[in-house]
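User: Hi! I'm new to this, so please walk me through the model in plain words.

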Amino acid sequence: MLPATWSRLSCRALSSRGQRTLSLFSSSGPSNWNKVVSDAEKIVGYPTSFMSLRCLLSDELSNVAMHVRKLVGTQHPLLNTARGFVYDSKNNLQMRGLVVLLLSKAAGPSRAASDLLPQDMVSGIYPSQRNLAEITELIHTAFLVHRGIVNLKEWTVSDGPLKDMQFGNKMAVLSGDFLLANACTGLAELNNTKVVELISSAIGDLVQGIYSENSSHPEQENSLTDGVDMSSWEEQTFLSHGALLAKSCQAAMELAQHDKESQRLAYKYGKHLSLGHKLNSDLQPFVKSSVGEPVSFSFSAAPVVFHRQIVGQERWNQQLQQVQTQRHHLDYSKLLAAVKSEKGVSTAVDLCCYHSNKALEAIQAFPSSEARSALENIASAVTKF
């Protein structure tokens, strides 16, 4: 049974307490999310990037960019990842760093911080907190690049020349390592042992989460997400998508010498925001698809995992057999209709609202401010599809 707090009615339960009205979320579409991010960037003082300019303008990264051009014309994922950095239409790449900056500003200076001077703050944020935001983005970007490595055993001629795909894999490994090395160097320069421990453990969580994702995806499609239920999906998703933001938010409070309660609330906000954002992303194919449009979704997406648990293994196998084509491929449009016919989608929507409300609950414990309102808006935006 689902907790009562997962009810769809709970989507609006906490939002009315915010300083600003949330009417800008009343309609669907990516423009709402873009507006929330754009408004938030103005509050922290400048548009956030996916990494610091020091890294972006370095000779090493320039060389990487030159080599990536050789992959043009192939289907290597590294090329799409690189395009995403330049054409980030959904404003997703900079979200983690932006949230860290907003939380830093919302919390303000700590009364217990005797060695931190308010005059050192720029737009209400300490330089160390801005560095942490950049480090968070670098780590996230490094893992995005590493996840673009192709399994050459599944290579086909349509993907592009084999030697180019092999070259792309090498570039993905080396460029991801370069970004991660820069992040670790910046982390050491913060000179805070607890922050180093927090972010290092977040990197470990990312590795564990991604490994779990890969190990739970056998080659046969009808075995995907085998044994994954709602609680294990949430635990695995937190490791691979939520731990970095949650622990970075906590680290931002530590850098300003805030107390343990402030750190706990910051961690709670980052955790629930990340899970809500992932659920929103997983739900997109199920709430946006129209008849006749090509359909693509992952078998590890939350609506599919929840649907599979609700209908049971035997009926799930029957549904997979019913949507198979003569060539033993799956008709994803029919499978999407089957998932939408049950409660998997509504369960994911309810859970998304639940995490949004938990994030709002955490951030509303901070003093009322423009930065807190922006964080409330971001938490509310993940429930709009």
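**Chatting through the helices**

User: What is the relative accessible area of Pro127, and how does that class it?
Analyst: Pro127 has a relative accessible area of 42%, so it is partly exposed. Buried is under 20%, exposed is over 50% and partly exposed is in between, using a 1.4 Å probe and protein chains only. This is a predicted model, so local features need pLDDT of at least 70 and side-chain atom pairs count only at pLDDT 80 or more, while totals for chains, interfaces and linings use all residues. Residues are numbered from 1 along each chain as its sequence is written, and side-chain values use heavy atoms, with hydrogens and water left out.

User: Thanks! Which helix is Pro127 in?
Analyst: Pro127 belongs to helix α6. Helices here are DSSP runs (H or I, at least four residues; strands are E, at least two), numbered from the N terminus. In space, the C-alpha of Pro127 is 9.8 Å from that of Leu190, although the two are 63 residues apart in sequence.

User: How far apart are the ends of α6?
Analyst: The end C-alpha atoms of α6 (residues 127–146) are 29 Å apart, which agrees with the 28 Å that its 20 residues should span at 1.5 Å a residue. The expected span is 1.5 Å times one less than the number of residues.

User: Is α6 as a whole largely enclosed or open?
Analyst: Of its 20 residues, 15 are buried, so α6 is largely enclosed by the rest of the structure.

User: What runs alongside α6?
Analyst: Let's take two helices in turn. The axis of α9 (residues 230–255) comes within 10 Å of the axis of α6, and they cross at roughly 165 degrees. That makes α6 roughly antiparallel to α9. For α5 (residues 95–107), the axes come within 8 Å and cross at roughly 160 degrees, so α5 and α6 are roughly antiparallel too.

User: What do those angles mean?
Analyst: Axes are lines fitted to C-alpha atoms, for helices over the stretch in contact, and angles run from 0 to 180 degrees between N-to-C directions. Under 35 degrees counts as roughly parallel, over 145 as roughly antiparallel, 65 to 115 as roughly perpendicular and the rest as oblique.

User: Where would I find a left-handed one?
Analyst: Look at α10, which passes α14 in a left-handed crossing. The axes of α10 and α14 (residues 344–363) come within 8 Å and cross at roughly 155 degrees, so these two helices are roughly antiparallel.

User: What about Ala266?
Analyst: Ala266 is in α10, and it is buried with a relative accessible area of 0%. Its C-alpha is 8.8 Å from that of Ala251, 15 residues away along the chain.

User: New topic: how many aromatic pairs are there?
Analyst: There are three aromatic pairs. In one of them, the ring centres of Phe299 and Trp316 are 6.0 Å apart and the planes are at 70 degrees, so the pair is edge-to-face. Phe299 is in the loop between α10 (260–288) and α11 (302–311), and Trp316 is in α12 (residues 313–322), so the pair ties together parts 17 residues apart in sequence. Rings of Phe, Tyr and Trp (its six-membered ring) pair if their centres lie within 6.5 Å; planes under 30 degrees apart are stacked, over 60 edge-to-face and the rest tilted.

User: Are those two buried or exposed?
Analyst: Phe299 counts as buried at 3% relative accessibility, and Trp316 is buried at 0%.

User: Last topic: which residues have a positive phi without being glycine?
Analyst: Two examples are Asn191, with phi near 55 degrees, and Gln257, at about 60 degrees. Most residues other than glycine have a negative phi.

User: Where are they?
Analyst: Asn191 is in the loop between α7 (162–189) and α8 (193–215), and it is exposed, with a relative accessible area of 71%. Gln257 is in the loop between α9 and α10, and at 29% relative accessibility it counts as partly exposed.

Definitions and conventions
Left-handed = near helix turned anticlockwise from the far one by under 90°.
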